[in-house]
Amino acid sequence: MASIFSRIVAGEIPSYKIAEDENYYAFLDINPVAPGHTLVIPKREEDYIFDLSDDELAGLMVFAKRVAAAIKAAIPCKKVGVTVLGLEVPHAHVHLVPLKRESDMNFAGEKLTLPAEQMQDLCERIAGQFK
Ligand code: AMP
């Protein structure tokens with residue numbers, strides 16, 4: 001069965017899309033640890049990130065770099081943090097989180113559920129900075 005992220009790529013499930021190219025897709029995390037928290041995935045479904053080929057992994061990180069630049073331009077922050085967990089969704093993904101302080105990257109704490117209008121606004125602001 002296709003992963004929830006493959007279904008997002010296929011357009012079967014809605015997402016707050018930030019950017020995509022032929023091989024990669026970026027969208028807002030639905031339960032962010034901080035506003036602007038974005039996921040970057042390979043369109044090809046693979047559970048464990050280190051089972052990607054070298055080229056796919058390199059391409060994922062280079063695409064994530066462009067997404068991180070857009071987040072940094074759109075959201076006031078010091079840096080954009082990078083984490084890979086993958087314990088919940090079996091489709092490789094990189095978490096990008098705008099950081100003002102270390103605690104902004106606390107995945108063990110309570111996650112946010114932001115109003116749809118705020119998610120849409122964050123999405124448009126970040127997507128608008130993607131180059
Ligand atoms: P993990 O697999 O542990 O890295 O966590 C999966 C992440 O995917 C969590 O941060 C979830 O909030 C996020 N997530 C799960 N379903 C969706 C969805 N439909 N749209 C956006 N983000 C999602």
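User: What makes up the shell around the ligand, in nonpolar, polar and charged residues?

Analyst: In this predicted model, the shell divides into ten nonpolar, four polar and three charged residues. Altogether 17 residues surround the ligand, and the closest are D29, E88, H93, H95 and K111.

User: Which backbone atoms lie 2.9 Å from an oxygen atom of the ligand?

Analyst: G86 places a backbone N or O atom at 2.9 Å from a ligand oxygen atom, and E88 also has a backbone N or O atom 2.9 Å from an oxygen atom of the ligand. Taken alone, the ligand exposes 510 Å², and the protein buries 90% of that.

User: Where does the ligand sit, and which elements give two or more residues to its shell?

Analyst: The ligand sits in the largest pocket. The elements that give two or more residues to the shell are α1 (4-9) and β2 (24-28). α1 gives the most, with three residues.

User: How many helices and strands does the chain have?

Analyst: The chain has three helices and five strands. Their order from the N terminus is α-β-β-β-α-β-β-α.

User: How do you know that the radius of gyration agrees with that of a compact globule?

Analyst: For 131 residues, a compact globule would have a radius of gyration near 14 Å; the chain has 14 Å, so the two agree. Its C-alpha atoms fill a box of roughly 35 × 30 × 30 Å along the principal axes.

Definitions and conventions. Residues are numbered from 1 along each chain as its sequence is written. This is a predicted model: local features need pLDDT of at least 70, side-chain atom pairs count only at pLDDT 80 or more; totals for chains, interfaces and linings use all residues. Side-chain values use heavy atoms; hydrogens and water are left out. A residue is near a molecule or strand if one of its heavy atoms lies within 4 Å of it. A polar contact is a pair of N or O atoms within 3.5 Å; within protein, one must be able to donate a hydrogen and the other to accept it, and residues adjacent in sequence count only if both atoms are side-chain atoms. Accessible areas come from the Shrake-Rupley method with a 1.4 Å probe; for residues, only the protein chains shown count as cover. On a 1 Å grid over the protein atoms alone, a cavity is a set of points where a 1.4 Å probe fits but cannot get out, and a pocket is an open set with protein on both sides within 12 Å along at least five of seven lines; lining residues have an atom within 4 Å of a point. A molecule sits in a cavity or pocket if more than half of its atoms lie within 2 Å of its grid points. Helices (H or I, at least four residues) and strands (E, at least two) are DSSP runs, numbered from the N terminus. Ala, Val, Leu, Ile, Met, Phe, Trp, Tyr, Cys and Pro count as nonpolar, Asp, Glu, Lys and Arg as charged, and the others, Gly among them, as polar. The radius of gyration is taken over C-alpha atoms; the globule rule is 2.2 Å times the number of residues to the power 0.38.
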